[in-house]
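Visitor: I am new to reading protein structures, and I would like to know what the words really mean. Could you show me one and let me ask about it?

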Amino acid sequence: MLRPAILAALLLAGCSDAGDEVAAQANEGSCQGLPDAAMVWVEGGSFVMGEASLYPEEAPAREVEIAGFWMSRTEVTNAEFADFVEATGYVTTAERAPPAIPGAPPEMLQPGSATFRAPTPDNPNWWSWTVGAQWRAPNGPDTSIEGRANDPVVQVTYDDALAYAEWAGMSLPSEAQWEYAARAGSESLPEPLDAAGNPQANYYQGVFPARDLGEDGYTSRAPVGCFEPNAFGLHDMIGNVWEWTSTSAARSDAMASVGVIKGGSFLCAANYCARYRPAARQFQERDLGTDHIGFRLVDTRRGPPSN
């Protein structure tokens with residue numbers, strides 16, 4: 001189990017994980033998001049996966065062949081996840097009692113999950129175990145998803161996402177499928193800006209972790225689909241929330257429970273991690289959710305569109 005590792009560092013995904021816990025419940029944008037669970041056909045092909053110039057775990061760049069598949073045009077939303085829970089009675093990892101860890105603080109023996117807190121001189125830690133944090137209360141028991149049906153669901157572990165995928169008759173994308181879909185036939189840009197310098201994704205503008213300027217309209221999760229889709233018709237492949245893939249990061253028995261997440265989030269800043277790129281990859285303990293990791297689905301069993 002992961003939980004002992006939390007005592008040392010709540011996440012492996014350190015550089016991706018920063019933000020403003022107050023702003024996390026205050027989306028400024030007026031976009032209502034996309035309520036339907038449409039799927040987009042991604043035509044297969046070959047592409048150069050990875051990069052060799054930024055982070056060593058992204059190398060080496062190599063050519064990969066991908067068969068066509070259907071992919072959710074957005075991240076799975078709170079409303080969609082609520083339908084799954086209502087239909088199945090599923091209880092997420094964050095809602096269950098954690099395993100007993102000798103020497104753990106009392107709060108870590110209660111159901112909860114990891115949430116970000118802005119560091120202060122008295123407490124420089126970015127992440128904390130928040131009792132009561134779960135998908136219905138992403139930033140703790142005093143928060144909720146009321147009025148946020150089209151926000152991406154978060155505080156879900158890999159197993160939670162996998163359970164949803166199996167219920168839906170689909171699967172989580174592999175890292176290669178995800179990156180191919182995110183690139184959409186284009187080269188990766190160093191920062192998601194248009195020609196006028198305007199942000200084209202939900203990520204952190206400003207000097208992390210002092211203040212997110214919110215130039216993209218948000219300082220927390222945005223409803224899905226509020227930014228223009230890529231050339232494949234997929235929204236929020238960059239920024240908003242990190243996304244689980246089916247790919248394991250295991251290079252030893254000690255890392256057997258570590259997965260790969262992709263895409264960056266609203267907490268990624270140019271001055272700190274710059275992982276809002278298709279090639280960016282982060283290692284994440286599979287049995288720990290956070291307030292900025294979600295997922296989307298792929299369907300490899302359904303054939304291509306007939307037209």
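Visitor: Which way do Phe69, Trp70, Met71 and Ser72 point from strand S4, and are they buried or exposed?

Guide: Phe69 and Met71 point one way from strand S4 (residues 69-72), Trp70 and Ser72 point the other way, and all are buried. Buried means under 20% relative accessible area, exposed means over 50%, and partly exposed lies in between, using a 1.4 Å probe and protein chains only. Strands (E, at least two residues) and helices (H or I, at least four) are DSSP runs, numbered from the N terminus. In a regular strand the side chains alternate between the two faces of the sheet. Before we go on: this is a predicted model, where local features need pLDDT of at least 70, side-chain atom pairs count only at pLDDT 80 or more, and totals for chains, interfaces and linings use all residues. Residues are numbered from 1 along each chain as its sequence is written, and side-chain values use heavy atoms, leaving out hydrogens and water.

Visitor: How do you know that S1 and S4 pair?

Guide: Two strands pair if DSSP finds at least two bridges between them. S1 and S4 have 4 bridges, in the antiparallel sense, so they pass that definition. Val42 stands opposite Phe69 in S4. S4 also pairs with strand S11 (residues 298-299), antiparallel over 2 bridges, and there Trp70 stands opposite Asp299.

Visitor: What makes Cys31 and Cys226 a disulfide?

Guide: Their sulfur atoms are 2.0 Å apart, and a disulfide is a pair of cysteine sulfur atoms within 2.5 Å. The structure holds 1 disulfide. The torsion about the S-S bond is about -90°, so the disulfide is left-handed. Cys31 lies in the loop between helix H1 (3-6) and strand S1 (39-42), and Cys226 in the loop between helix H4 (175-183) and S7, so the pair ties together parts that are 195 residues apart in sequence.

Visitor: Why is Cys31 called partly exposed, and why is Cys268 called buried?

Guide: Cys31 has 26% relative accessibility, so it counts as partly exposed. Cys268, at a relative accessible area of 0%, is buried.

Visitor: Why are Glu179 and Arg183 called buried?

Guide: Glu179 has a relative accessible area of 1%, so it is buried. Arg183 is buried as well, because its relative accessible area is 9%. Their side chains meet in a salt bridge (3.1 Å, N to O), and both residues lie in helix H4, 4 residues apart, about one turn of the helix.

Visitor: Which residues touch the most other members of the largest nonpolar core?

Guide: Of its 28 residues, they are Phe81, Leu172, Trp244 and Phe295. H3 gives the most to this core, with 5 residues. A nonpolar core is a set of buried Ala, Val, Leu, Ile, Met, Phe, Trp, Tyr and Cys residues joined through side-chain atoms within 4.5 Å.

How values were computed: A salt bridge is a side-chain nitrogen of Lys or Arg within 4 Å of a carboxyl oxygen of Asp or Glu.
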